[in-house]
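Here are my notes on the strand pairing in this entry. Please read them with the structure open.

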Amino acid sequence: MESQSSETAPAQTPSQKEQLKEEILRNLTRNQAHSPESATKGDWWRAVSLAVRGRMLEKATTQHRSHRQNNVRRVYYLSLEYLMGRLLENNLVSLGLFNDCKEVVAELGVDFDDMLEQGPDMGLGNGGLGRLAACFLDSMATLDLPSVGYGINYEFGLFRQKFVDGKQVESPDEWRRFGSPWEICRPEYSVEVPIYGHVENQFDELGQGRPVWTGTRSILGVPWDVPIVGYEGSSVNFLRLWESTASKDFDLDIFNRGGYTEAVREKAESESISKVLYPNDSTEAGKELRLVQQYFFVACSLHDIIKRHRRTNDTWDSLPEKAAIQLNDTHPAVAVPELMRILIDEELLPWNQAWEICTRTFAYTNHTLLPEALEKWSVPLFQKVLPRHLQIIFEINKRFLEDVVEAKWPGDNQKKRALSIIEEGSPKMIRMAYLAVIGSHTTNGVAALHTQLLKKHLFRDFDELYPGKIQNKTNGITPRRWLKACNQELSDLIDTKIGSDWPGDLDKLQDLAQFADDPAFQEAFMQVKLNNKVKLAALIKERCGIEVNPNALFDVQIKRLHEYKRQHLNLLNILTQYRRLIQDPDLDVVPRVFVFGAKAAPGYTLAKEIIHAINAVGEKINNDPRIGDKLKVAFIPNYGVSAAEVIIPAADISEQISTAGKEASGTGNMKLALNGSLTLGTLDGANVEIKEEVGDENIFIFGLTVDEVEALWKEGYCSIDYYWADEELRAVIDWLTSDYFAPKGSFDGIRHTLLDGGDAYLALADYKAYVEAQGEVDKAYRDKAGWARMAILNTARVGKFSSDRTIREYADDIWKLPSVKV
């Protein structure tokens, strides 16, 4: 009998969606120890996150092997903060898995949106500096730039903010309490960091002495890696975060003798270094902790960079060819003397060779025009914490003044005092911004106006000394998070008109401009805006307990609370509108919701008072039956990235009202404009460039210009003159500081800063122009078609402000990495 054989059909490769489902279920069982029936929303979130992370790591492993084999040049980005937000949604978008994951999770019986809400914002940053760093990481991965970000793995974020009787109250932000599925501990790359101690001269057999840093205390830096995926999964880089631990956790001998607290003292002190972002530095202990924190993360990072370099390179002279180290503000500036210490003390290189390596390796980004915000450390504190580094800084300064400044300005001691890293006084201070400029090959500002003012004022002598060293690199934002992920309805609408490849090339949004006058597109665009306002209204109800009308104009100011950002000017206008409505209940105004989001530094008393004042005024307005829906004020507590992702798509007006010449750039202005919000602002920071891009007719500009501000101060600005000259202004200031909104005296600090304190940020000088500009906004909003046109053109014309463009410029002009994907 002939045997019969049957052919087996080849196994069908599961679809991407089926694979993803299998990976999620596998992670739920193997890593969460749950069945689908017993899993919580948090378990599902973690299982999905681990499945997504696994795909990223597979890509990263292959890519980094190639980087090692080809001995590539890398960018190392040193930043004390990264405002990452939640990662799951953004990673799903970048990997092209968002829709598949949404369907899979629904099939598994889980609400997708509720699942996304389970992830906490990563508590690694505070404001624009940290959010910019996060956008840059996204763009470096998207553009296939080999890069590593370095920072600190804070146990607690800045703080969680709540309002008690309208006042800010801080509590710990325990974002890491239950761990993070995005972090991978890498103990094999731990670094031992010395601090404190003293310097001794040790002599060799020839009697030649050299300084040796000894008697130090050691801290162990343990790295945690967070994978960063580029758009469409093009590349995966890492953010390496250092956690501080004691090199010796526990002294058993002391413990056995009854010294229970003393036995773990070193452990507690060491772990405090990575405990909190920006510890309060109003005390000497706080200042010391900040300096130790900065040195800790810089020392760990440089050790890691050098270890990676020595793995594939034999000489130190090749370090600048293989490593481009970017110092994000002055926080990592201590990297300059640390690299010098390693080269001259540990590797025994001659000073001149070490200095050339150092200055060819570092570049520095300045983020502030405020002289008081430029970091300085006292010489006695440096002597205590980093005695060897202090010697090196003095030597750097000596050689700089004698060899460089003297050559340019012979015998000019006044110029030497102006340019010296060491500021004379009692005590002497170390100017870290000067150290960063001198110790780097390039310094850059972050907006055209900011860079112009750096050259004109803050770094004028450095610009004359080093022509061309100071460049501009206007900030940018990632459109993947700040439009495609956070405003998916608008993203989908854009796709229907110009295709779906704009998130990788934001200039393609220009093609939207042709639809700005199309009534059907205007209607669809504004319907998306209304839908987003409904979502924000729900958030306001949940967080603030306030009912707001989504059909009102949503006027938004979301940024760190600081006097120069002038939230108190916004408050004066709100009081003005409230007073007008009380005086004339039939006044015809566009209903408006003023939305605030901001944290004040715990030690910044006046900023906290401004928050209290806004809440107190809002409490009166929101409960005044005479006002109804004509005016509402909502201050959303605990503002962060996740809240911004709801607020920004819903905004009609973007408040960018800093005093001209004070804001370096701003990036919130870019995010809001990208989402169809019209800017109401001064000619400050990147507002100037936004105006150039969107057109004068699509932005509301008011107030003094930089030149007018300078002229006013030269003439002699007296804020009290404005107070007495403007009856309405005088009335609202007096009203604020009466007992109508809070017990008398509650807001005397605001009154003092505006009047007796001289109004350093010119709120009263710009008050009238600001109120008038708000009137122009009111008038424009009544023209629905005209407003829709302006909103569409804002979205269409801000392609310049993609962080991809910014990073290409860094790569071409500063890092010299021409192989960036175009």
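1. The model is predicted. Keep that in mind when reading the points that follow.

2. Start with strand S21, residues 653–656. Is S21 covered or open on its faces? Both faces are covered. Ile653 and Glu655 lie on one side, and both are buried.

3. S21 pairs with strand S18, residues 553–558. The pairing is parallel and rests on two bridges.

4. Ser654 has Thr679 of S22 as its bridge partner. Between S21 and S22 the chain passes through helix H26, residues 668–674. This β-α-β crossover is right-handed.

5. Now the other group. Three strands form an open sheet, ordered S13-S15-S14, with antiparallel pairing. S13 (376–378) and S14 (422–423) are the edge strands. Each has a single partner strand, so one side of each is left without a neighbour in the sheet.

6. Look next at the contact between S14 and S15, where S15 spans residues 429–431. Two bridges hold this antiparallel pair. In one of them, Glu423 has Met429 of S15 as its bridge partner.

Conventions
Residues are numbered from 1 along each chain as its sequence is written. This is a predicted model: local features need pLDDT of at least 70, side-chain atom pairs count only at pLDDT 80 or more; totals for chains, interfaces and linings use all residues. Side-chain values use heavy atoms; hydrogens and water are left out. Buried means under 20% relative accessible area, exposed over 50%, partly exposed in between (1.4 Å probe, protein chains only). Helices (H or I, at least four residues) and strands (E, at least two) are DSSP runs, numbered from the N terminus. Two strands pair if DSSP finds at least two bridges between them. A crossover is right-handed if, with the strands pointing away from the viewer, the path from the first strand over the helix to the second runs clockwise.
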